[in-house]
Amino acid sequence: MPASTSRLLAAPLITGTCLILLAGCGSSSASGNSGDSGSGAAAQSPAAASAVPVVASTDVYGDMVEQIGGQKVEVTSIISDPDQDPHSYEANTQNQLALSKAKVVVENGGGYDDFIDRMLKTSGGSSVEVINAVKVSGKSAPAGGELNEHVWYDFPAVAKLADRIAAALSRADPDDAAAFTKRAEAFKGKLKPLEQKEAKIKADHGGEAVAITEPVPLYMIEASGLKNATPAAFSEAIEEGDDVSPRTLRDTLALFTGKKVKALVYNEQTPGPQTEKAEQAAKTAGIPVVPVTETLPKGEDYLGWMTANVDALANALAK
């Protein structure tokens, strides 16, 4: 099973009984607040009542939908806490209820958030349009390898997704189709500077080696022309939640003690004793550590978050 996601699949199914008990409750209406009850249909403003209900598996996709849909969408992002490990997520009844009302659902796919598909089977929603980001990206597993499903770190893939989101919203709300398309074009235009930043890193540092703890940022690293020097057995074990063998850990730490890499790109959302040893070894050797996450940091939007990630990588390599 790919990347990190065997742990994410632990989300339980919610029974139909729970839905019956919640039938009179309002769903959460704000992206990033899926754990809170909404105000209910009777208390909604006319604008909110006419907005397209959308469910996103994470706030990363929820933010994209909001940027493209504007005030014409009402988004529930199921995973929205920057302190929450997506791999150990457990769904709740409010998530299930939101899915039952959604007209559009955006999931990552690729095994990352299979709990969405499981809940959809019991939600009762028959007219929902499901957008699978991995399928939209066209990414597939390399020969003999596993798919890196973290496609939100791949900016060309995100541009394709923006078009797909705009098309789905347009089908749900034809009267506002032109506005959705215009906002998607504006969003894609803001991705271009990120690709230019990656191209600048490639021009300045192409071929230089870095280390990672998990494959989360690999699309960004590859687009920047950098080489991932991490032993595959290390990042794969961390991703699957397995123990790293002593030899593999020794080989990984040698990257830092021997100053064989220019930076460590560290998934700070899933720390553990072995990744912390890698982080400490890098710091001791004077090698910059670039923290990354899988969900939005508090108060950030997608574009600002990714700008900070690319800038941090460039700054680390320049040291």
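**Pocket, cavity and cores of a predicted model**

Helix α11 provides the largest share of the lining of the largest pocket, 4 residues. The structure is a predicted model, in which local features need pLDDT of at least 70, side-chain atom pairs count only at pLDDT 80 or more, and totals for chains, interfaces and linings use all residues. Residues are numbered from 1 along each chain as its sequence is written, and side-chain values use heavy atoms, with hydrogens and water left out. Helices (H or I, at least four residues) are DSSP runs numbered from the N terminus.

**The largest pocket**

- The space in the largest pocket is about 400 Å³; a pocket is an open set of points on a 1 Å grid over the protein atoms alone, with protein on both sides within 12 Å along at least five of seven lines.
- Its lining (residues with an atom within 4 Å of a point) has 19 residues, of which P142, E146, N148, P215 and L218 are the closest to the pocket centre.
- Both α10 (218–223) and α11 supply at least two residues of this lining.
- By class, the lining of the largest pocket holds 9 nonpolar, 6 polar and 4 charged residues; nonpolar covers Ala, Val, Leu, Ile, Met, Phe, Trp, Tyr, Cys and Pro, charged covers Asp, Glu, Lys and Arg, and the others, Gly among them, are polar.

**Residue S235 in α11**

- S235 is found in helix α11, which spans residues 232–240.
- S235 counts as buried because its relative accessibility is 7%, where buried means under 20% relative accessible area with a 1.4 Å probe and protein chains only.
- Neighbours within four places in sequence aside, S235 is in contact (heavy atoms within 4.5 Å) with I212, T213, E214, P215 and T230.

**The cavity**

- The model has 1 cavity of 30 Å³ or more, a cavity being a set of grid points where a 1.4 Å probe fits but cannot get out.
- The largest cavity has a volume of about 40 Å³, and Y61, A133, V151, W152, A157, V158 and L161 line it.
- Helix α8 (residues 155–172) gives the largest share of this lining, 3 residues.
- The lining of the largest cavity has 7 nonpolar residues and no polar or charged ones.

**The nonpolar cores**

- A nonpolar core is a set of buried Ala, Val, Leu, Ile, Met, Phe, Trp, Tyr and Cys residues joined through side-chain atoms within 4.5 Å.
- The largest has 56 residues, and M64, W152 and Y302 touch the most other members.
- Helix α8 gives the most to this core, with 9 residues.
- Another core, of 17 residues, lies apart from the largest one and includes V244, L249, V261 and A285.

Note on methods:
Points joined across faces, edges and corners; volume = space filled by probe spheres on them. Buried < 20%, exposed > 50% of the residue type's maximum accessible area, 1.4 Å probe, protein only.
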